[in-house]
Structure formats: structure tokens, C-alpha cells
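Please walk me through this structure.

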Amino acid sequence: MPALAGRAAAAAAIVTAVGALPWLARTDPALTVLRTRSAEQEPTPEVLAAIRREIGTDGGPLPLLGRWLAGLLRGDAGASWISGTPVLPDLVGALGVSLTLMVGALAVALPVAGALCLRTLHLGSRRRLCRTRSGTAGALLAALPEFLLASALVTVVAVRLDWAPAYGWDSPQSMILPSLALGVPAGALLGRLLDDALPAAFAEPWARAATAAGLPPRVIARHALRRCLPVLLPQLALVTVGLTGGAVAVESLFAIPGLGRYALQAAIAQDLPALQGATLALVLLGAATGLIARAARRALLGPALRARALPPLHLPVLAAGRVTAALPLTLLAVLVVAIGLGLLRDPWHVDTAARLSAPSWHHPLGTDAVGRDILARLGHGALRTLAAALAVTVATLVVGVLAGLLPRLSSGVVEVLNAIPAVVAGLLVAGAVGRGTVGAALAVTLVGWAALAAHTAALSEQERAGTHLVAATALGAGRWHVLRRHILPAVLPPVLRHAVLRIPAIALALAALGFLGLGAAPPAPEWGQLLAESQAYAERAPWTVAAPASALALLGVLAVSLAGVRR
């Protein structure tokens with residue numbers, strides 16, 4: 001009941017906030033509608049008043065929201081303020097496209113996740129897992145920006161090789177490139193989380209007994225996967241919903257008429273009925289996916305949870321590989337040298353004669369579209385990018401852990417908030433606190449803690465069901481002692497490693513909001529902003545994209561290496 005109440009309260013709050021968006025942002029939707037319908041018409045007070053009466057904003061947000069909800073009960077989601085067509089048919093079509101793309105992305109993500117943990121499965125099932133290695137490949141793939149991967153796939157696979165369509169949604173072949181762009185980073189994240197949990201499963205007594213009994217390694221590997229799957233299921237549900245509503249950049253790049261693009265266009269145009277319908281569809285999808293994942297998790301764990309007879313899933317102590325210590329030091333040195341050299345240059349100087357110049361002695365990383373030195377902008381943008389990304393990461397980690405320790409109250413809110421794209425959250429926050437870096441950071445924090453809270457809740461639930469906690473409670477241990485001595489030491493390390501995996505994604509989310517005018521505005525030398533500005537020149541001048549993308553990838557690998565994530 002608390003989880004259901006949380007879902008209902010969070011959904012109601014979000015739908016209400018979206019319905020009050022024009023008043024929160026202190027903008028006049030009538031002016032936007034007029035400019036969209038007829039850019040040449042003069043916005044006189046009489047014309048704007050007529051449009052307000054037509055779209056129903058003259059009475060305030062509550063009557064407008066009430067009429068929309070009343071129509072929704074009759075199966076009517078209203079009409080678009082821009083086109084005048086009913087919202088529901090377009091919304092259903094966009095949702096169907098996004099669900100189809102989600103299936104294609106999952107078909108890519110799951111094999112990628114399996115490939116990243118294949119070595120651990122192979123060695124662990126044979127009792128030969130005795131050394132850790134830095135997860136360079138997984139970290140690189142997890143840190144890879146989706147829209148950058150999509151641009152590279154369009155340039156190489158679609159344009160040069162002509163193996164798949166470059167844009168559109170008119171054939172099964174149109175799914176190939178967007179599914180790859182969405183599925184590879186998502187699969188890398190899932191693979192890293194699964195690979196981080198597998199050594200603990202192989203260290204349990206059942207695995208040693210199975211090996212001693214002569215069970216085949218494939219059977220042991222299958223049981224280890226089943227043992228770790230309950231911890232991964234909440235993340236799989238969140239990733240699934242994210243592939244549906246969060247695929248804004250990929251859907252826009254490939255001109256896919258999906259739900260994420262539909263919500264983005266409605267948000268930019270302030271088309272309130274369309275935005276409310278898209279938000280409600282995403283919220284319902286998030287709640288349904290969360291319930292399915294919760295039921296599957298309960299079925300997998302079986303009576304062990306109810307009987308509190310679940311063994312703790314604790315990581316064993318393994319020897320560190322040689323590359324573990326050397327890799328983060330090397331990456332840190334590369335980043336420090338690049339940032340230091342960039343700080344010695346002027347990021348604002350424009351050399352019109354050197355527009356899109358290739359890397360040279362005078363411009364080691366080349367120049368951008370207006371002739372500014374990319375190395376200088378990379379160096380001066382490091383502090384802004386790293387400070388904002390780290391601050392948001394710390395905030396999401398703290399909020400996620402605190403909320404995850406209260407799963408009955410937070411689980412419904414987690415499912416609802418995860419379904420909201422960062423763009424919509426950015427518009428809501430910008431309306432409340434204003435546009436800028438602080439507003440963008442608050443927006444990303446608002447939706448970014450959900451994944452960490454779900455991970456914390458799954459780990460703490462299993463830890464609370466352990467037999468060692470039954471013994472500790474029987475010996476007189478109080479709740480604070482159990483939390484401090486048993487639950488937090490078991491939960492914090494994997495959740496911390498999960499948090500550092502998301503640092504590059506957080507940096508890109510902040511950049512996406514800045515690109516839409518909700519965060520750091522151009523021409524601020526911010527890494528994600530550099531990517532957004534250079535995306536149109538990726539084929540003609542690939543160095544403009546390679547520098548910020550490499551910096552973000554190095555940041556992701558460095559964070560993963562320092563956290564000690566296994567491979």
C-alpha cells in the first residue's frame with residue numbers, strides 16, 4: 001500500500017506540475033501557439049486573448065487541468081494546441097514506435113551485457129576467479145554518448161557503407177542503427193553491474209559444493225546468473241523505461257516518430273495537451289514495468305526472503321591485477337596534462353581564417369566551427385563540467401541511498417520519476433528556479449537518483465533477509481547497529497561503483513539541457529556543450545567531436561578504475 005500510494009502521489013504531482021508549466025515558467029502559451037501557426041501575424045492583445053480562450057488558459061491552471069482529466073476519463077486526451085488534431089491517436093502511435101525501438105535496443109543490450117561478464121562467468125564457474133582487472137571496455141561503452149554513437153553509425157554504416165537507412169521509420173532496417181546506438185551503452189551499464197555481483201555468487205558455499213560434486217561449469221554459471229538477477233532486475237526495468245522515454249536525442253537524430261521526440265517537441269512548443277499525454281503515458285509505463293520487475297524478483301528469490309534465510313551476497317577479496325593501479329594513474333595524467341595545456345590558452349579567441357582546422361602544432365586538437373581552439377575550450381570547460389557532474393553525482397548518491405533504505409515509501413516514486421525525461425524535468429525546474437547551471441543540476445538530480453535508490457533497495461532487501469541478521473537481532477542488536485554494521489557496509493560499495501559509472505551520463509544530461517537553453521548557455525566552454533555544438537560537423541571535421549568525447553570517455557574509465565569495478 002505505501003508503494004501504491006507513492007506511485008499515485010508522484011504521478012499526480014508530475015501531471016499537475018506539467019499542467020501548470022506555463023504558469024511556472026511565467027510564459028504565455030498563446031504567443032508560442034501564434035508563432036507556430038502564423039509567424040507573420042502581429043501578436044496584438046486581441047489576437048492573444050482569442051487564442052487563450054481557444055486553448056483554455058484564460059481561466060488559470062486548475063480549471064484547465066480539471067477539464068483535461070475529465071476528458072481523460074472519457075477516453076479523450078484533448079487536442080493539440082499547435083495542430084488542432086486529437087492527441088490520443090498520435091500518442092498511441094508514438095508509444096508503439098518507442099516500444100518497438102525499445103525491444104530492438106534490448107535485443108542489443110542483453111548480448112552486450114553478457115559479453116562483458118563472459119570472462120567472469122568462465123573463470124568463476126571453474127573456480128579460477130582469483131584476480132581482478134580494470135573494466136576498460138565496459139567503462140568506455142557505458143560512457144559513450146548515445147547521440148555520438150548514433151552520429152558515428154550514420155556516418156560510417158549508413159552514408160559510407162550504405163548498409164542501413166540513415167533516418168526514418170519505414171522498414172525493419174530502420175531499427176538497426178538506433179537500436180545499436182541505444183543498446184550498446186545500456187548493455188554496458190547492465191553488464192558492469194552484473195559483472196560486479198557475479199564474484200560474490202561464485203564465492204558462496206553452494207558454488208563450492210557444486211564444483212566439488214562435479215556439476216558442469218555451464219550449470220554453475222547459469223545458477224550464478226540466477227542468483228545475481230534479482231539485484232539486476234530493478235535496474236533492467238529502469239533501463240527499459242529509459243530506452244522508451246529517454247531516447248530523445250537518438251529519435252531526433254534518426255527522425256523517429258517516437259514518444260521521447262514527441263514529448264520534446266511538445267515541451268518546446270508548450271503544447272500542453274500533448275505534453276501531458278506523453279508524460280502520463282511514460283508514468284504509466286514506468287509503474288507497469290516496475291510492478292513486473294518486482295513480481296519477477298519475488299518469484300526468483302522465492303520463500304528465502306519471507307523466511308529470512310537468504311545468504312548475503314558479499315564480494316570476496318580478490319587480488320588486484322597489475323593494470324588496476326597503473327590505469328587510473330595514466331588516465332589521470334593524460335587528463336591533467338590536457339586540461340593544464342588548455343588552461344594556458346584563450347578559449348574565447350576567434351580565428352575566422354582557421355575555422356574547422358585540423359589538429360596542428362598551433363592547434364593540437366584543431367578548431368571548432370567559428371575558429372576557437374578546442375584544446376583551450378576543453379581545458380577551461382573542465383572545471384565547470386567536472387564540478388557540476390560530481391556535485392550531481394554526490395547528490396544523487398546521497399538521495400538514492402537514503403530513499404533506497406526506505407523501499408516501501410520510495411519504490412513507487414522511483415518508478416514514476418525514472419520515466420520522466422530529463423528535458424521535461426528541466427523545463428519544470430527551470431520554471432520554478434530559473435534557467436541556468438543550478439536549475440539544470442537540480443533537474444538531473446531530480447530524476448537521476450532513481451536508479452541508485454532502486455539498486456540500494458534491492459541490495460538492502462537481500463541483506464535484511466540474511467541469516468546473520470537474524471542472529472544479530474537475536475543477540476540484542478538494535479536497528480541502528482544493524483544498519484551501521486551490516487546493511488550499509490554491504491550496500492554502499494556496489495552502489496558507489498554504480499554511481500561513478502553514471503558520471504559521464506550526468507555530464508551529458510547537463511549538456512543536453514544547456515543545448516536547449518535550460519542550463520549552461522552557449523558559448524560556455526563545457527564538454528557536453530562542445531559535443532552538442534560540433535555534432536553537425538562530425539563527418540567533415542571529426543576532431544571537433546573526438547576531443548570532448550574522448551575526455552568524457554576517459555572520465556568514465558577513470559572513475560570506474562578508481563572505484564575498482566571488476567571485469
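A helix axis here is a line fitted to C-alpha atoms over the stretch in contact, and angles run from 0 to 180 degrees between N-to-C directions. Keep in mind that the model is predicted.

Start with two helices. H15 covers residues 272-301, and H19 covers residues 407-418. Their axes come within 7 Å and cross at roughly 130 degrees. H15 and H19 are therefore oblique to each other. Their crossing is right-handed.

Now step back to helix H14, residues 259-269. H14 is mostly covered, with eight of its eleven residues buried. Among them are Leu259, Tyr262, Leu264 and Ala269. Just after H14 comes Gln270, with a positive phi of about 55 degrees.

Next, the charged pairs. The count comes to five salt bridges. One of these joins Asp195 and Arg192, with the closest N and O atoms 3.5 Å apart. Both residues sit in helix H10 (residues 176-202), three residues apart, so about one helical turn separates them. An α-helix has 3.6 residues a turn, so residues three or four places apart point the same way. Buried means under 20% relative accessible area. Asp195, at 0%, therefore counts as buried, and so does Arg192 at 1%.

A second pair reaches between elements. The side chains of Glu204 and Arg227 meet in a salt bridge at 3.0 Å, N to O. Glu204 lies in the loop between H10 and H11, and Arg227 lies in helix H12 (residues 217-245), so the pair ties together parts that are 23 residues apart in sequence. Glu204 is buried at 4% relative accessible area. Arg227 is buried too, at 11%.

Asp373 and Arg345 form another salt bridge, with the closest N and O atoms 3.6 Å apart. Both lie in the loop between H17 and H18, 28 residues apart. Is Asp373 buried or exposed? Asp373 is buried, with a relative accessible area of 5%. Arg345 is partly exposed, at 28%. Salt bridges that share partners also join Asp368, Arg372 and Arg377 into one network.

Helix H18 (residues 374-404) holds Val398. Val398 is partly exposed, with a relative accessible area of 45%. Together with Val394, Val399 and Leu402, Val398 makes a nonpolar surface patch of about 330 Å².

His455 sits in helix H21 (residues 437-464). At 6% relative accessibility, His455 is buried. Its C-alpha atom is 9.2 Å from that of Leu233, although His455 and Leu233 are 222 residues apart along the chain.

Terms used:
Residues numbered from 1 in each chain as written. Predicted model: local features only at pLDDT ≥ 70, side-chain atom pairs only at ≥ 80, totals over all residues. Heavy atoms only, no water. Patch = residues over 30% accessible without salt bridge, like charges linked within 9 Å, V, L, I, M, F, W, Y side chains within 5 Å. Areas by Shrake-Rupley, 256 points an atom, 1.4 Å probe, with all protein chains shown as cover. Salt bridge = Lys/Arg side-chain N within 4 Å of Asp/Glu carboxyl O. Helix = DSSP H or I, 4+ residues; strand = E, 2+ residues; numbered from the N terminus. Buried < 20%, exposed > 50% of the residue type's maximum accessible area, 1.4 Å probe, protein only. Parallel < 35°, antiparallel > 145°, perpendicular 65-115°, else oblique. Left-handed = near helix turned anticlockwise from the far one by under 90°.
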